[in-house]
Amino acid sequence: MAITNVTSVDQYNKLISSPALTVALFSADWAEQCKQILAVMTELAKQFSAVQFVDVPAEELSEVALKHQIDAVPTVIFFQAGKAVDRIDGVDIAALTTKCRKLAGAATAVGGGAKEPLEDRLKALINRANVMIFMKGDRDTPRCGFSKQLIAIVNETGIAYDTFDILTDEEVRQGLKTYSDWPTYPQVYVKGELVGGLDIIKELLAGGELKETLSA
C-alpha cells in the first residue's frame, strides 16, 4: 500500500476515522528529516498491508496540526478509529518500526492471517530484484559511511538494483546475518546469492569484475 498524500481537512478526517490503524506523518517539504521518515514509511507500507500510511502537510493543514499540538516536524501520530493512540516527536526510526509492529499486530503483516515465516520473508526480499542491497538507509539516503561508499560504486556501473533499509526492520536485520552467515552490512545479493559486503565489492571493482558479477 502506497503512502497517501493528504490535501484537505475532509480527506484527513476520513482517513483517520477508518477502523484500520493509520500512521500519520506531519511533515514539511523543507525538512530533510521528514524525507527520512517517509523513506522508512515506504518500506513499512510494503510489510503491513492493512495499515494506512499518510503524509500530512503540517503548514498547509494548520488547523489539523494545531488540533494535535504539532510543535515541530516530523511528528508521527498513530490513529485507531479516529483516536490518537500513540505518537513520536522527531526522528526515531526504531520507535516507528516497533510501534507499527506492536499496534498493527502479526495479523496485518503482508499475506494476512498468520505471520509469514522469517526465512520465507528473507528469501522473498533477497529475490525482489536481480541485484538487492541490504543497507542502512536507502539508495537516495544512505545512513552510514559503508553504505554510502557501496551505493556510489554500484551507481557507477549503471546496473539496476533495489535496496532494503535494515533500520526499518530489526527482524530482517538480525535474521539475515544468520541466514547468510554474514555478520555485517551492507550486503549485496545477485539473483538470490550473496556476493558480499563493501570489501568484496571493492575487490571486484579493482579486478575489473564488478559489472560482470552484478549483471550475471
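Predicted model: local features only at pLDDT ≥ 70, side-chain atom pairs only at ≥ 80, totals over all residues.
The axis of a helix is here a line fitted to its C-alpha atoms over the stretch in contact, and the angle between two such axes is taken between their N-to-C directions, from 0 to 180 degrees.

Helix 5, which covers residues 118-126, and helix 7, which covers residues 170-180, have axes that come within 10 Å and cross at roughly 85°. Because angles of 65 to 115 degrees count as roughly perpendicular, helix 5 is roughly perpendicular to helix 7. On the side of helix 5, the residues that make this contact are Leu-118, Glu-119, Arg-121, Leu-122, Lys-123, Leu-125 and Ile-126, and they meet Glu-171, Val-172, Gly-175, Leu-176 and Tyr-179 of helix 7. Sorted by class, the contact of helix 5 with helix 7 consists of 7 nonpolar, 1 polar and 4 charged residues.

Helix 6 contributes Phe-146, Gln-149, Leu-150 and Ile-153, while helix 8 contributes Leu-198, Ile-201, Lys-202 and Leu-205. In this contact of helix 6 with helix 8, 6 residues are nonpolar, 1 is polar and 1 is charged.

These helices belong to a chain that has 9 helices and 9 strands. The radius of gyration of the chain is 19 Å, close to the 17 Å that the globule rule gives for 216 residues, so the chain is as compact as a globular protein of that length. Along its principal axes, the C-alpha trace spans about 60 × 40 × 25 Å. Of the 216 residues, 44% count as buried, and among the contacts in the chain with a separation of 6 or more, 67% are accounted for by residues 24 or more positions apart.

Ser-62 lies in helix 3, which covers residues 62-67, and it counts as partly exposed because its relative accessibility is 45%. In sequence, Ser-62 and Val-9 are 53 residues apart, whereas in space they are 9.5 Å apart, taken from C-alpha to C-alpha.

Terms used
Residues numbered from 1 in each chain as written. Heavy atoms only, no water. Contact = heavy atoms within 4.5 Å. Helix = DSSP H or I, 4+ residues; strand = E, 2+ residues; numbered from the N terminus. Nonpolar A, V, L, I, M, F, W, Y, C, P; charged D, E, K, R; others polar. Rg over C-alpha atoms; globule rule 2.2 N^0.38 Å. Buried < 20%, exposed > 50% of the residue type's maximum accessible area, 1.4 Å probe, protein only. Parallel < 35°, antiparallel > 145°, perpendicular 65-115°, else oblique.
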